[in-house]
Amino acid sequence: MENGHLENLAQDIVKQAMKSGVSGAEVTLQEEEEFSTTVRLGKVESLKESAAKGLGLRLLWGTRSASSYTSDFSSQSLSRLVARTVAMAQITSEDPAGVMPEAELMATEVADLGLYSPDVSEIGADQKIELARRAEEAALAVDPKITNSEGSSFDSTSGTRVLANSLGFLGSYRFSTCSVAAVPLAEQNGNKQRDFWYSVARSLAKLDEPEKVGREAARRALRRLGARKVKTAQVPIVFDPETARSLVGHLFEAARGDAIYRSASFLTGKLGKQLAPEYINLLDDALRPGGFGSRPFDDEGVTSRVTPLVEKGKLSHYLLNCYSARKLGLKTTANARRGLSGPTVVGPNNLYLEPGTTAPEDIIRSVQRGFYVTELMGFGTNIVTGDYSRGAAGLWIEKGELTHPVEEVTIAGNLNDMLLHIEEVGTDLEFRSSIASPTLLITGMTVAGA
Amino acid sequence: MPVFERFFFDTYGLIEKDLESYLGEALGAGGDYADLYFEYTTTSSLLLDESIIKNATEGISVGCGVRVIAGDQTGYAYTDDLSPERIRKAAGIAAHIAHGPSQVHSVGLTATGTPNNYYPVDSPSTERELKEKLELANRADRAARAHDSRIKQVRVSYGDQVRHILIAGSDGRLVTDYQPLLRLSVFCIAQSNDGTNRLQSGTSGGGGRVGLDFFEGDKTPEYFAREAARQAIVQLDAREAPAGEMEVVLGPGWPGILLHEAIGHGLEADFNRKGLSAFSGRVGQRVASDICTVVDDGTIPNRRGSLNVDDEGTPTQYNVLIEKGILRSYLQDKLSSRLMNTSLTGSGRRESYAHIPMPRMTNTYMLAGESTPEEIIASVPKGVYAAHFGGGQVDIINGKFVFSASEAYLIEDGKITQPIRGATLIGDGPTALTRVTEVGNDLRLDEGVGTCGKEGQSVPVGVGLPTIKISRLTLGGTGVAAG
C-alpha cells in the first residue's frame, strides 16, 4: 500500500474546501484491508476478506463547524460532500472553542512507532485458517469436559491513516494488527460454561502460539464449571487484569475533558486532589513502541506525548483534545480521536496503571475471604456519580485459596471509594489493548447474591 | 402495497443480467447458495450541548457484500466500490469457501418487491432542511432547562438515516427496500440545591422508522426533554439500592429489555443449532410461567425494530417465541433454517454490507395479561419497582443476564416509596420467566431508541412489556443485605 495517492487526495480536498471560502479544513482518510475467519469443530465456519476506505471531513465557517463522511471517493461525490458540508457549517452555532488547533501544536515529524508489520498481510488465508484451527484443537484436547466450541478465530487488519489540514499539516502512518482467539465450552453434569482467551499483536511474529491461547481458554472455561451464587456480603475483591482494565476504562471516561467541562463526571474539580493511595500511578503514553493506542500524532495533528493522569494517587491531568482544552483553559494532551463517520472526541492512547510489587498469586494468598473477579457484565457504571454495580463471575477465595467458581452475582460500590481502597497492585501488567492494568485488590465493595 | 425500488438500477446502472452473472461467479466453486447485498445509506446527526449546536455531521456509505454458503460454511467479501470489476473480485473471494465444480449454472432473477410497507414516509428526514432538525434539538434543550432550575446540563442528540438495499439471491429472489430511521435523545444532569451539590443524570428519547412529523404528535421534543429532566431530578433523592434476592416489579415499556436479554438472544437459531444456548433443544418445554406469551414481531408499523424484509430479503413476520410458558420457536436466518430444516422467520439481519447476516431480534415483547399495574404493586410487601433501564447483557451459554435500572424505587407494604440508585439486576434466563407471577394489562412498547449488539454488529431493535412481577431476582446494590 503506497501512501502517496491518499496524501494527495487528502490535500486536494483541503484545497478544494478552502477555495469555497471556509476558514479551516481538516481531512482524515483511512484505507484498510480486513481478514477474518472462524473455525468451528475443525472446519472453517466463515471466511471474510475485504478492503474498505473512508474519508472524514471537518470544515469551519468562522467559528461554526460541520463534519461529514463518505466511503465513495469518486470526484463528483467528493465535490458534492464538500459543498454540502460548507452549507451545513454556515448554519450551525458560533462556537469559539471549536476553531482549528494552534499551528505550533502540529507534529513536525512523524515518528516510526512500530505500528505496522508486513507479515500480517503477507501470509495466505490457508495459513491464517490454520492458526485458528490449531487454537481450537488445543482447547478441545485439554480435557474431555471441553465438549463444544463457539469457534476459534483469526482476524487481521492493515491499513493507512492520513491527516491533512489547512494549517499545512500532512501526515500519514501505516498500521496493522492481528489476533487469534478461542472460545471453548465446558460441560459437566448438565452445567455449561464458556470462556475465551486471545492473543493480539501488531505483527504475526509477536502473536502467542495458538496452542497457548487454546489451552488458556480451556483452562478458563473448565474452572467455571459448577459455578454458583454466594451469599450477599461485603468482602475484598481481586480484579484480574482483564476486569481491572475496565476500571481504568471508567477512569478514562471520568477524566476525559469533555465530561469535565460539562460537569458530567465524578472527577470534575478534582485536579490535584488525592484520588487513590500514593502507590497509584496512571499514565497515558501515545509513544509506546508497537502499542495498540500508539500513533505519531493525534487526530488533530498534534504531536504525541506521555501524560500522567494520576501521580502518586493525585489526579494530575485530564485527557484533552483541542476543544475540551480550550473549554477548560488548559493545553491539549493530544488525545483527539476521530472515528471517520463521527465528530472528533477525546480518546485514550495507551492508558495504563503502573505495575506494583506484589505477584498476583500473592495478592490472592493475602485474602482471607473474598471474590476473584474474572468477568464483568452489563453497563452499571454511572460516570456522573461514580456509582458502580455490575454483574460478575469468577472464583471464591477462602484462606488465600481459590475454592469454587461463582456466577450470577453483582459487585457494587462507588468509584470514588473504590479508588481510595485499592489495597494492592500486581506485577502482571500486559498490554492487550490500548487500556491496561495489572491485578488489583479493592476493599469495601458489596457482593450481592443469594 | 408492493414496493420495488429502482434506486441501484438508476443510480449505479445495475442491470439484472449483471447481477445474475455476479451470482454465477459467486457459485463458481460450487456453493449451495449465494447472495448479493447492495446498500446505500445516508445519515445525518446533530449534537446540541451547552445550548449550542456543537456538531453537525452527514455521511454516505455505499457498498456491496457477496456471500456464499456451502453446507455450514460461509464465505464473505465486500467492496465499497460498485464497479463490475470490484464486485466480481468480491464474488471470486467469497466463492473460495466452496471446493468443487459449479453446481448452479444460471440464476434467473425475478423482482419480487416487498409484500408490505410498514413504514411509508412521505417526506424522508434526510431530505428535510437541517434547520428543522436544529429546531427540534433546541426545543428539547429549552424544555429540559425550563422543567426545573436544578437541571444544569442538557445534551440533545439527533440522528437519522435512510438506507436503500437491494438483495439478489441465487434462489432467484430480487428484493429491494427503503428504510428510514430516526431518533432524538436527551441527556440531563441535575444538581441538588441543598448545599451538597449532588449530581444525577437522566436520559430519554424516541423515534422509529418515521419522518420528522413523528415529533408533531404527542411525542414532542419537549415530551422527551421533560422525561429526561424528571428522571434526573428523581434520582437526586435516591438512596443506595439494597443488595440480595428480592421480589421485583418491572414497569411497562423499555424494561422489556429483560425479554431481549433473558430469552431473546438465547432463542437465536445460530446458538441453538450449535448447541451453544441455554435454550438448545428445549422447543416444546416450559421456560416461563403459563401467563407469559412472548413474541418477536418485525411487522409493527413505524417501529424502530420493524422491517419490510430482513437483510436476506425474507419478509418479516409475527413470531411466537413462547406461548403460555412453552418454548415454540427459534429466530432463523437462511443458514440456520437450511441446516435445521425449518422455515424462515424473517430474522436474518446485518449491520451493513460489510457484515455477515445472522439471526437477530426485531421488536420483542410480552403480550398483556389481566392484572392492573396497581394490583401488582399492591401485592408486594417488600421489594423493588424498576421503571426504567439502561443497557443489558447476556451470556448465551449459561443463560446469565444482567441489566441496570436507571430509575427504580423501593416497594414497602404494597406502595412505591423511595427512589434507589445504582441498581443492577442479575438473573438466569431459563428460570427468570418461570418466576413471573403477575402480568399486567398495560402492555407498552419502548420509545424507539434501542440498539442491540451481537458479535460486533449493531442493529436497531424494539422491546415491550406490560407491568410484571418476578418473585425472585438478585438486585446488586450497596445497601444493607435484604432478607
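This is a predicted model: local features need pLDDT of at least 70, side-chain atom pairs count only at pLDDT 80 or more; totals for chains, interfaces and linings use all residues.
Take helix H1 of chain A to begin with. This helix spans residues 4–19, 16 residues in total, and covers 23 Å from its first C-alpha to its last, close to the 22 Å expected at 1.5 Å a residue. Its buried residues are A:Leu6, A:Leu9, A:Ala10, A:Ile13, A:Val14 and A:Ala17. They take up an arc of only 135° around the axis, so they sit on the same side of H1(A). Over on the other side, A:Gly4, A:His5 and A:Lys19 are exposed. The cover for the buried residues of H1(A) includes, from chain A, strands E1 (24–40), E2 (43–61), E4 (146–165) and E5 (170–188), along with helix H2 (75–89). Just past the end of H1(A), A:Gly21 adopts a positive phi of about 95°.

Chain B has a helix to set beside this. In H2(B), residues 16–26, the buried residues are B:Leu19, B:Tyr22, B:Leu23, B:Glu25 and B:Ala26. Looking down the axis, these fall within an arc of 155°, so they line one face of the helix. They pack against strands E1 (33–49), E2 (52–70) and E5 (151–169) and helix H3 (84–95) of chain B.

As for the interface, 63 residues of chain B contact 57 residues of chain A. On the chain B side, E2(B) supplies the largest share, twelve residues. Sorted by class, that side holds 25 nonpolar, 26 polar and twelve charged residues.

Conventions. Residues are numbered from 1 along each chain as its sequence is written. Chains are lettered from A and ligands numbered from 1 in the order in which they are written. A residue is buried if 20 or more other C-beta atoms lie within 10 Å of its own, exposed if 12 or fewer, and partly exposed in between; C-beta atoms are placed from the backbone. Helices (H or I, at least four residues) and strands (E, at least two) are DSSP runs, numbered from the N terminus. The arc is that of the directions from the helix axis to the C-beta atoms. Two residues are in contact if their C-beta atoms, placed from the backbone, lie within 7 Å. The expected span of a helix is 1.5 Å times one less than its number of residues. Ala, Val, Leu, Ile, Met, Phe, Trp, Tyr, Cys and Pro count as nonpolar, Asp, Glu, Lys and Arg as charged, and the others, Gly among them, as polar.
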